Amino acid sequence: MRTLWRVAGVVLFAVAVAVFDLVTSARHGFFDLKVYWGALNYWANDGGMLYDYLNPNTLYGFTYPPFAAFVMLPMAWVPWGAAMTISVIATVVVTAVLVWWLIRPIAQRQGWTPWLAFAIAACLVAAYEPMRETVNFGQVNMLLLFVVAADVLFAVARKSPFGGVGIGLATAIKLTPGVFIIYLLVTGRWRAAITASGTAAFVTLVAAVIAPDASREFWTSALWNTDRVGDLGFISNQSLQGVVARLFGDDVKPLWALLVVATLIFWGWRCRLAIQAGDERAGLALTAVLGCLISPVTWVHHLVWLLPALFLIAGDGFRSAGRRKKIMLSIAFLSWAILCSRLVWVWTYRTGGLGGFLGGSAYLWVSIVLLLAIPIARADHPEDQDLSEGTEEARPSLVA
């Protein structure tokens with residue numbers, strides 16, 4: 001009977017989340033997926049140049065490297081309906097696996113029923129605005145996060161000879177995951193860093209050999225054309241560059257560079273602490289947050305990369321006691337709530353003043369708080385530890 005009540009509770013919660021998503025989700029009509037699908041059809045079936053294609057009545061075209069086009073190329077030979085279906089299913093599947101990886105250690109440590117913890121966590125992630133945006137745009141964020149997380153948590157953490165391959169492939173697809181190559185370098189995993197860099201370079205060169213014209217166009221022109229990605233000061237850009245552009249315009253590069261350098265120094269210090277403590281999960285979370293902060297463009301849907309940080313902070317809150325428990329759980333809950341709220345869109349057309357500065361960049365402030373709050377726990381392989389008994393010996397000791 002207890003299990004039945006639990007199932008009923010999860011079903012009711014899932015229905016409530018579905019209603020919330022229906023009411024709050026913006027209807028983007030798989031806009032980004034249309035760009036991918038249209039560009040690949042134009043390139044593969046119509047004989048056009050990949051980077052010449054623009055989504056009808058827009059200035060938006062394919063912005064990823066040519067290797068990404070080869071990875072997505074099967075999309076050119078399926079109808080639009082099938083492309084949408086595959087996009088949604090793939091995103092849901094990899095998200096479910098990632099949520100399981102993130103919630104399992106918490107559930108074991110707390111002695112929770114694994115399927116129940118997973119179901120509740122999955123519902124919370126489904127309500128998360130960047131997740132909703134990723135699905136509604138048909139974006140590839142979760143797929144890349146899945147590949148990078150698998151590499152960091154399993155291959156790199158276990159010193160596999162294949163450690164770094166996933167990071168390299170993700171970097172060759174979208175460039176921004178290249179921040180994880182910096183992570184490997186800063187934390188002294190030279191073999192994995194070389195593997196990641198070599199993988200990215202190799203597949204990029206293969207793409208250049210197969211499609212030299214597209215490669216030349218991307219690396220010499222399309223990559224540097226910011227009009228293809230949109231206005232840097234648009235409210236959806238929740239990066240350090242975004243807030244600087246909203247405050248001072250697009251030409252204040254020195255200030256942005258200074259903020260990036262300061263963020264990198266702090267991040268590097270914390271990452272080295274994490275790896276000295278054997279906490280690869282903290283390294284993953286710290287670097288994912290860093291990528292969102294220092295990227296020139298971090299649209300709201302890119303903020304799915306904050307999920308590892310949210311899980312780690314929540315897990316630390318459940319593990320802790322007293323004042324720390326309240327603080328960590330409050331940070332996790334308030335960050336999640338803000339990132340479900342569509343708050344920044346209130347200032348879409350009025351980014352000036354204190355309200356525009358604070359509210360219009362609310363998700364950026366959340367990212368900064370997460371970078372500061374991510375806990376570092378001493379553990380050899382946190383993804384494998386069985387902490388379900390909750391003994392003092394089984395609990396990681398907090399070092400930062």
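Biologist: Is cysteine 123 buried or exposed?
Modeller: Cysteine 123 is buried, at a relative accessible area of 9%. Buried means under 20% relative accessible area, exposed over 50%, and partly exposed in between (1.4 Å probe, protein chains only).

Biologist: What sort of model is this, and how are residues numbered?
Modeller: It is a predicted model, where local features need pLDDT of at least 70 and side-chain atom pairs count only at pLDDT 80 or more, while totals for chains, interfaces and linings use all residues. Residues are numbered from 1 along each chain as its sequence is written, and side-chain values use heavy atoms, with hydrogens and water left out.

Biologist: How many disulfides does the structure hold?
Modeller: The count is 0, taking a disulfide as a pair of cysteine sulfur atoms within 2.5 Å. For cysteine 123, the nearest cysteine sulfur belongs to cysteine 340 and is 12 Å away.

Biologist: Switching to serine 341. Where is it found?
Modeller: Serine 341 is in the loop between helix H16 (322-338) and helix H17 (353-359). Helices are DSSP runs of H or I with at least four residues, numbered from the N terminus. Serine 341 is partly exposed, at 39% relative accessible area.

Biologist: What is serine 341 in contact with, leaving aside neighbours within four places in sequence?
Modeller: Glu129 and Tyr363, where contact means heavy atoms within 4.5 Å. Glutamate 129 is 212 residues from serine 341 along the chain, yet their C-alpha atoms are separated by 7.0 Å. Also, a polar atom of the serine 341 side chain lies 2.5 Å from the backbone oxygen of isoleucine 338.

Biologist: What about H15, why call it largely enclosed?
Modeller: Because 12 of its 13 residues are buried. They include Leu307, Phe311, Asp316 and Arg319. Among the elements covering the buried residues of H15 are helix H4 (80-110), helix H7 (141-156) and helix H18 (362-373).

Biologist: How many residues are in the largest nonpolar core?
Modeller: It has 108 residues, and those with the most contacts inside it are Leu40, Phe62, Phe180, Trp305, Leu370 and Ile374. A nonpolar core is a set of buried Ala, Val, Leu, Ile, Met, Phe, Trp, Tyr and Cys residues joined through side-chain atoms within 4.5 Å.

Biologist: Which helix gives the most to this core?
Modeller: H14, with 10 residues.

Notes
Helix = DSSP H or I, 4+ residues; strand = E, 2+ residues; numbered from the N terminus. Polar contact = N/O pair within 3.5 Å; in protein donor to acceptor, adjacent residues only side chain to side chain.
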